Amino acid sequence: MKTEHMRPRQMRRNARRMRRYGMQPMVVINSGDSLPDVFAVLFGRWLWRYRSELAPFTLAMVTVLVSLVLHLTHPQWWPWLLASATVVASSLVGLGQRMGLVRRSERVYAATVAMAVGAWLAAGTALGPSFRPLPQLLLYGGVVLAVPWWAHRRRRARVRVERKLAAWPEISAAIGLNGSRVMSAVVDVWGWRARFGLARGQTIQDVTAKIPALESALGTFRGAVRVHPTPDDKANRFELRVLDIDPHADAIPWPGPSVSSITEPIDLGPFEDATPAQVHLKRRHGLIGGATGSGKSGVINVLMGNLSACTDAVIWAIDLKRGMELQPWSACIDRLATNPEQASALLRDAVTILEGRAEWLAAHGQRVWEPTSDMPALVILIDEYAELADEAPDAISDADSIGRRGRAVAVQLIAATQRPTQKAMGRGALRSQMDVRLSFRVRERRDVDLILGQGMLSAGWHAHTLNAPGKFLISAPEHDTPRRARAYLLTDEAVSATASQHTVWRPPLDEVSRRALQAERDQPRSQRAEPPVDASPGAGERQGQGGDDKAPEGVLWSMLAGAPDEGVPIAHLMTATGMGRSWVYYRLQELAAERRACQVSRGRWRATQPTEP
């Protein structure tokens, strides 16, 4: 302090103190921080932080003040206030769902609060807020109505999310996303999601690489954070989703087929936001990959359940586990190969159909094959494709040919395997032709790129983190962001019931394809791999009467002749003859035209005596 501004008496007093106590210098270190906040500021921050919990008290205070003002100025308004409260309460009950009140209990609670506040406000306006027993009603009634508000799960979750997002500047600095900001946040059934804006130079790939750090900073469990592009697809924004509850923790029963035509998108299961994971298979090849026990068989059942409901798709299948996986669907499968020889023949015939359809399209001036019930698509489902490459290597060239040329003529391949390596896929070009890819849980991180494509792991497609059978990631032209889904579960009883139900309306192979196969069989023996099949009318009778009884035609006629009165299902005829559904159906139509066989019930056939014309 400056001595010239001090009085002589003060100087003498300070001198006595210095002689008495000695010199005690004081050092003040100032870091540049501002002075501590005053009590009013701290109290205001506390009120704002707990504004949700204090909302009932705030509403009560506002109601008292409004009633006091109206009582002093317009006490005759009380009927209008009561009528307005009735209208508002009725609107909340009827239209509350559009305002975000999804549950009926929420709408009833909001209407009750609105009616109670309106009634008390009307009474306070007419009689005054201090008129007994209005203060007592406000106190006890306010506490009773506040309890549901305080206990509501979504309100508490929203408060928790708001407090986390309030600390986002510190979180973003800790994980290396300085400058990012919160744009909006929504609390849903399973957690919450928020939209963020990024600083200049930051991209969603930077956020994806920091997902483990985000989980640590937000205090969530491992695997709870999802990062997606925003719907507007802007490069400087991203959407963060945090799960409090795993929506895919339990198996989800199959609700039934979602399509009746292959031109419609097939629902494989729900995403984590409950939207369906739909995929188009029309003129597309598909690849399903994942470790053993990851749920590939489940999604194959979902595909079969939907494809068998399509009246414009013929299903062929290859199951080199001797039919263990696909045999329950045999009634809906037109042709099922269970050994390498049958698989090779099936793919060879598929190429023949492909070429026959291409020739027909060229002759008619058309470019693509539009699936209908009379001209169905041909879908070939192959389980454990790696086994096909090992046990029937000659068939891989036919599979590659289908992959390159089959889409335009609606001859499609869907292959399932554990690791679609170049060796497992036969060192061909089939994998590059597969537009639809489903990845279930994999053991190694590098397998993600094998199934979904090169670079998908670094782009955030973390299939190695899937933690339950049936969970998968889907990559398709309409699904270009990594979103987790879970395939529906079909029990053995559901598979059996669905196969029995759908076998009735399965379409036969089209005439163009049958002619192409017949022309292939009519070639000389030296030019084809299979023995000729007599497709002329009456061939079954000739085989059954004097020919080879072990030939398919002879076995078919023997089954029809010995059938009970209710007839034999087509599935049994397919199993006995070893032929596909189209072949059996075509022969039955020929026999029916000759009045030597008739359909006596849905899908059941038996032989009848020939009748004279």
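Eight strands make an open sheet of mixed pairing, ordered β9-β8-β10-β11-β7-β12-β13-β14. Strands here are DSSP runs of E, at least two residues long; helices are runs of H or I, at least four long; both are numbered from the N terminus. Two strands pair if DSSP finds at least two bridges between them. From one strand to the next, the twist averages 20°.

The model is predicted: local features need pLDDT of at least 70, side-chain atom pairs count only at pLDDT 80 or more, and totals for chains, interfaces and linings use all residues. Residues are numbered from 1 along each chain as its sequence is written, and side-chain values use heavy atoms, with hydrogens and water left out.

β12 (residues 434–439) and β13 (residues 471–475) pair in the antiparallel sense, over three bridges. Leu438 has Ile474 of β13 as its bridge partner.

α11 (residues 296–307) touches β7 (285–289), β8 (313–319), β10 (377–383), β11 (411–417) and β12. Contact means heavy atoms within 4.5 Å. The direction of α11 makes about 150° with that of β7. Axes are lines fitted to C-alpha atoms, for helices over the stretch in contact, and angles run from 0 to 180 degrees between N-to-C directions. α14 (residues 396–405) lies across β7, β10 and β11, and runs at about 125° to β11.

A pocket is an open set of points on a 1 Å grid over the protein atoms alone, where a 1.4 Å probe fits, with protein on both sides within 12 Å along at least five of seven lines; lining residues have an atom within 4 Å of a point. Of its 39 lining residues, Tyr109, Ala110, Val113, Leu145 and Trp149 are the closest to the centre. α3 (55–73), α5 (104–127), α6 and α7 each give two or more residues to the lining. The largest share, eleven residues, comes from α6.

α6 (residues 134–151) also packs with α7 (residues 153–166), at about 55° and with axes 5 Å apart. α6 is therefore oblique to α7. Trp149, Trp150 and Ala151 of α6 meet Arg153, Arg155 and Arg156 of α7 in this contact.

Methods:
Parallel < 35°, antiparallel > 145°, perpendicular 65-115°, else oblique.
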